[in-house]
Amino acid sequence: MAPLKIRIKRKNKKQPPRNPGRPLTKVNILVAATMSAGKTSLINALLGTDLLWSANEAATATITRIHHNNRDEKVIRGISFTWEGESHQIAEAVDNQLLHAWNASPHVKHIELSGHLSAFANSRFMPVIYDTPGANNSQDSTHALLLKEALNECDDGIIIYVLNATQPATRDDVHLLGEIKQHLDTTPEKRIIFILNKIDQLDEERGETLARAVEATAMYLENSGFSAPIIIPAMMSSSLVARKMLSRLSITRMQKNHLRNELLRFRVNKHALNDVARIPEKIRKILSKELMRSIPSSEHSNEFCDSELRQFTDYSGVRTLELYLKHYL
């Protein structure tokens with residue numbers, strides 16, 4: 001037993017336990033978007049796994065709150081609640097199939113999840129991530145009501161609004177952004193940042209360049225009343241695939257082929273997204289240093305190595321979002 005005690009003492013000396021009398025501040029992070037903008041893919045990319053059900057349709061029909069805890073566990077616990085506020089079902093370990101079933105149930109109004117979110121392991125706050133329904137599903141008017149309820153419940157924190165780079169300034173976006181702007185005008189302590197998602201689907205041969213997309217988005221948001229908006233260009237689906245590969249989780253052949261194509265563009269200019277992002281200069285410099293870390297030369301290889309995959313996540317937008325949340329919340 002003696003060697004074990006020595007190791008424990010050394011570990012505690014390096015990493016003293018947190019003061020239980022000073023709990024970390026809870027911060028609400030509400031993710032909003034119109035349907036199919038990639039909101040669920042963004043949250044899954046932060047989690048590094050396909051926890052939330054994602055599809056090219058209304059995949060979120062409830063309010064889902066994901067609570068971070070400091071226990072380094074591999075499972076996510078969950079409980080679903082009815083519209084009357086009663087417990088519907090409790091699970092010691094949830095997966096996307098169970099969450100899909102809860103979302104599809106007309107009896108479930110909201111879901112509470114709790115687990116260790118590695119992206120926030122060393123944060124100065126305890127995040128609560130809100131996954132909200134896309135408010136433009138005309139087949140179910142409760143989606144807009146649930147989103148409004150979540151906005152009113154989060155009287156502080158940050159809103160992450162996801163825009164689809166391939167469908168800019170849709171009527172649904174105009175309507176939803178107008179509602180959020182009115183809400184922010186009455187809650188000045190809140191802030192909002194924008195994720196310009198799916199930039200890997202832009203058709204550069206038709207002039208849909210990354211720089212033009214970010215510039216047009218900035219003008220659109222300025223005209224919508226959002227002064228000097230924070231805009232992070234991203235490819236959250238590709239970010240998620242890279243993180244799943246790093247965790248040795250299975251991916252499909254289509255996902256692997258798409259990631260390979262994006263990796264080739266990354267090798268040409270790994271600073272492309274960081275250069276055009278509308279972010280604080282402090283964040284840009286931190287990310288630039290991370291992107292300058294040396295990686296094995298593999299310009300002509302179709303294989304993925306871990307160091308390159310880690311740099312790809314830095315490049316793809318999810319790391320930019322994490323840095324912003326850690327430094328400005």
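This is a short talk about the fold of one protein chain, going from the whole chain to single residues.

Hi everyone. Before we start, please keep in mind that what you see above is a predicted model. Let's begin with the whole chain. Its secondary structure comes to 12 helices and nine strands. The chain has 329 residues, and 49% of them count as buried. The accessible surface is about 17,300 Å², and carbon and sulfur atoms account for 51% of that. Here is a number I like: take the contacts between residues at least 6 apart in sequence, and 75% of them join residues at least 24 apart.

In what order do the nine strands stand in the open sheet? Reading across, the order is 4-3-5-2-6-1-7-8-9, and the pairing is mixed. Strand 4 and strand 9, residues 231-233, stand at the edges with a single partner strand each, so one side of each has no neighbour in the sheet. On average, neighbouring strands are turned by 20 degrees against each other, if we ignore direction.

Strand 3, residues 77-82, and strand 4, residues 87-91, run antiparallel and are joined by four bridges.

Let's zoom in on a few residues here. Lys-39 sits in helix 2, which covers residues 39-47. Is Lys-39 buried or exposed? Its relative accessibility is 6%, so Lys-39 counts as buried. Lys-39 is also 121 residues away from Ile-160 in sequence, yet their C-alpha atoms are 9.1 Å apart in space.

Next comes Thr-64, in strand 2, residues 63-68. With 1% relative accessibility, Thr-64 counts as buried. If we set aside neighbours within four places in sequence, Thr-64 is in contact with Ile-111, Leu-113, Ile-129, Tyr-130 and Asp-131.

Now for the core. As background, nonpolar side chains in soluble globular proteins tend to be buried together. Which residues touch the most other members of the largest nonpolar core? They are Leu-42 and Leu-321, in a core of 91 residues. Leaving out neighbours within four places in sequence, Leu-321 contacts Leu-42, Leu-46, Ile-160, Ile-193, Ile-195, Ile-232 and Met-236.

Leu-321 brings us to helix pairs. The axes of helix 7 and helix 12 come within 9 Å and cross at roughly 90 degrees. That makes the two helices, helix 7 and helix 12, roughly perpendicular. Met-236, Ser-239 and Arg-243 of helix 7 make the contact with Val-318, Leu-321 and Glu-322 of helix 12.

There is another crossing to look at. Helix 8, residues 253-268, and helix 11, residues 306-315, have axes that come within 11 Å and cross at roughly 80 degrees. Helix 8 and helix 11 are therefore roughly perpendicular, too. Among the residues that meet there are Leu-259 and Phe-266 from helix 8, and Leu-309 and Phe-312 from helix 11.

Last stop: backbone angles. Most residues other than glycine have a negative phi. Lys-198, which is not a glycine, has a positive phi of about 65 degrees. Lys-198 lies in the loop between strand 8 and helix 6, and at 17% relative accessible area Lys-198 is buried. Arg-248 also has a positive phi, near 65 degrees, without being a glycine. Arg-248 is in the loop between helix 7 and helix 8, and with 60% relative accessibility it counts as exposed.

Definitions and conventions
Residues numbered from 1 in each chain as written. Predicted model: local features only at pLDDT ≥ 70, side-chain atom pairs only at ≥ 80, totals over all residues. Heavy atoms only, no water. Buried < 20%, exposed > 50% of the residue type's maximum accessible area, 1.4 Å probe, protein only. Contact = heavy atoms within 4.5 Å. Areas by Shrake-Rupley, 256 points an atom, 1.4 Å probe, with all protein chains shown as cover. Pairing = 2+ DSSP bridges. Core = buried A, V, L, I, M, F, W, Y, C linked by side-chain atoms within 4.5 Å. Axes fitted to C-alpha atoms, helices over the stretch in contact; angles between N-to-C directions. Parallel < 35°, antiparallel > 145°, perpendicular 65-115°, else oblique.
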